[in-house]
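Student: I would like to go through the labels on this model and see what stands behind each one. Can we take them one at a time?

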Amino acid sequence: LTNKNMRLPEMPLAKIGRGGIPSTYVPGRNTIFLSLAVSLADAVGASAIVIGANALDYSGYPDCRPPFLNAFAKVARLGTKRGTEKKPLRVLAPLLHLDKKGIVRLAEKVGAPLSLTWSCYAGGARPCGRCDSCQLRSKGFREAGAKDPAL
């Protein structure tokens with residue numbers, strides 16, 4: 001994801017998420033994003049932050065799992081002005097328990113601009129179609145009976 005000299009893993013769909021933490025894991029990524037979101041939310045008086053983590057259909061990232069998000073919600077409660085004033089920030093993860101098919105169906109229901117999105121570790125102008133993320137996205141669209149507008 002960050003080193004163009006490293007080859008992205010390509011594995012069969014059935015093996016994605018099995019085993020240890022994959023090489024596509026970026027240490028601290030969601031911790032950093034959530035920290036920035038909490039800081040901004042506390043500064044502007046927002047009552048919640050939202051993360052698009054998905055723990056059911058993922059490649060094994062520890063910062064997409066419920067225990068991490070629950071722990072971060074505690075951090076947000078204990079480490080913010082809002083939290084000390086008994087108005088804690090909520091950390092919402094509305095996609096956490098949806099599989100990719102469910103996410104596609106929800107996106108279609110709410111009119112999300114799926115043509116502007118794709119999930120590819122290669123970082124190119126178009127999805128590679130081979131990496132874990134591309135395979136899981138493709139599976140979700142296929143199972144939802146929808147055409148992926150990114151392809």
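Student: Which residues is Asp63 in contact with, leaving aside its neighbours within four places in sequence?
Tutor: The model is predicted. In it, Asp63 contacts Tyr25, Val26, Arg29, Asn30 and Phe68 once those neighbours are left aside. Asp63 itself sits in the loop between β1 (48-50) and α2 (66-78).

Student: Why is Asp63 said to have no salt bridge?
Tutor: The nearest side chain of opposite charge is Arg29, at 4.7 Å.

Student: What makes Lys87 and Glu85 a salt bridge?
Tutor: Their side chains meet at 3.5 Å, N to O. The limit is 4 Å, so the pair qualifies.

Student: Are Lys87 and Glu85 buried, exposed or partly exposed?
Tutor: Lys87 has a relative accessible area of 41%, and Glu85 has 39%. Buried means under 20% and exposed means over 50%, so both residues count as partly exposed.

Student: How do you know that Arg137 and Asp148 form a salt bridge, and what does the pair tie together?
Tutor: The N to O distance is 2.8 Å, and the limit is 4 Å, so the label applies. Arg137 lies in helix α5 and Asp148 in the segment after α5, so the pair ties together parts that are 11 residues apart in sequence. Both Arg137 and Asp148 are buried.

Student: What makes Glu143 and Lys139 a salt bridge, and where do they lie?
Tutor: The side chains of Glu143 and Lys139 meet at 3.4 Å, N to O, and with a limit of 4 Å that is a salt bridge. Both are in helix α5, four residues apart, about one turn of the helix. An α-helix has 3.6 residues a turn, so residues three or four places apart point the same way.

Student: Why are Glu143 and Lys139 called partly exposed?
Tutor: Glu143 has a relative accessible area of 39% and Lys139 has 23%. The class runs between 20% and 50%, so both belong to it.

Student: How many salt bridges does the structure hold?
Tutor: Three.

Student: Why is Lys86 called exposed?
Tutor: Its relative accessible area is 71%. Exposed means over 50%, so Lys86 is in that class. Lys86 is found in the loop between α3 (81-84) and β2 (90-92), and its phi is positive, about 65°, although Lys86 is not a glycine.

Student: Why is Lys74 called partly exposed rather than exposed?
Tutor: Lys74 has a relative accessible area of 46%. Exposed would need over 50% and buried under 20%, so partly exposed is the class that remains for Lys74. Lys74 is found in helix α2. Its C-alpha atom is separated by 9.4 Å from that of Arg90, 16 residues apart along the chain.

Student: What makes the nonpolar surface patch?
Tutor: Ile32, Phe33 and Leu36 make it, with an area of about 340 Å². Patch residues need over 30% relative accessible area and no salt bridge, and nonpolar side chains are joined within 5 Å. Ile32 is found in helix α1 (residues 29-44).

Student: Which residues have the most contacts inside the largest nonpolar core?
Tutor: They are Leu34, Val38, Ile49, Ala53, Leu69, Phe72 and Val91, in a core of 20 residues. α1 and α2 each supply at least two residues of this core. The largest share, four residues, comes from α2. A second, separate core of six residues includes Val104, Ala107, Phe141 and Ala146.

Student: What does Val38 touch, not counting residues up to four places away in sequence?
Tutor: Val38 touches Ile49, Phe72, Ala76, Thr80 and Leu89.

Student: Which residues of helix α4 are buried, and what do they pack against?
Tutor: In α4 (residues 100-110), Gly102, Ile103, Val104 and Ala107 are buried. The buried residues of α4 pack against α5 (132-144). Gly111 follows α4 and has a positive phi, near 75°.

Definitions and conventions: Residues numbered from 1 in each chain as written. Predicted model: local features only at pLDDT ≥ 70, side-chain atom pairs only at ≥ 80, totals over all residues. Heavy atoms only, no water. Buried < 20%, exposed > 50% of the residue type's maximum accessible area, 1.4 Å probe, protein only. Contact = heavy atoms within 4.5 Å. Lys, Arg positive; Asp, Glu negative; His and termini not counted. Patch = residues over 30% accessible without salt bridge, like charges linked within 9 Å, V, L, I, M, F, W, Y side chains within 5 Å. Areas by Shrake-Rupley, 256 points an atom, 1.4 Å probe, with all protein chains shown as cover. Core = buried A, V, L, I, M, F, W, Y, C linked by side-chain atoms within 4.5 Å.
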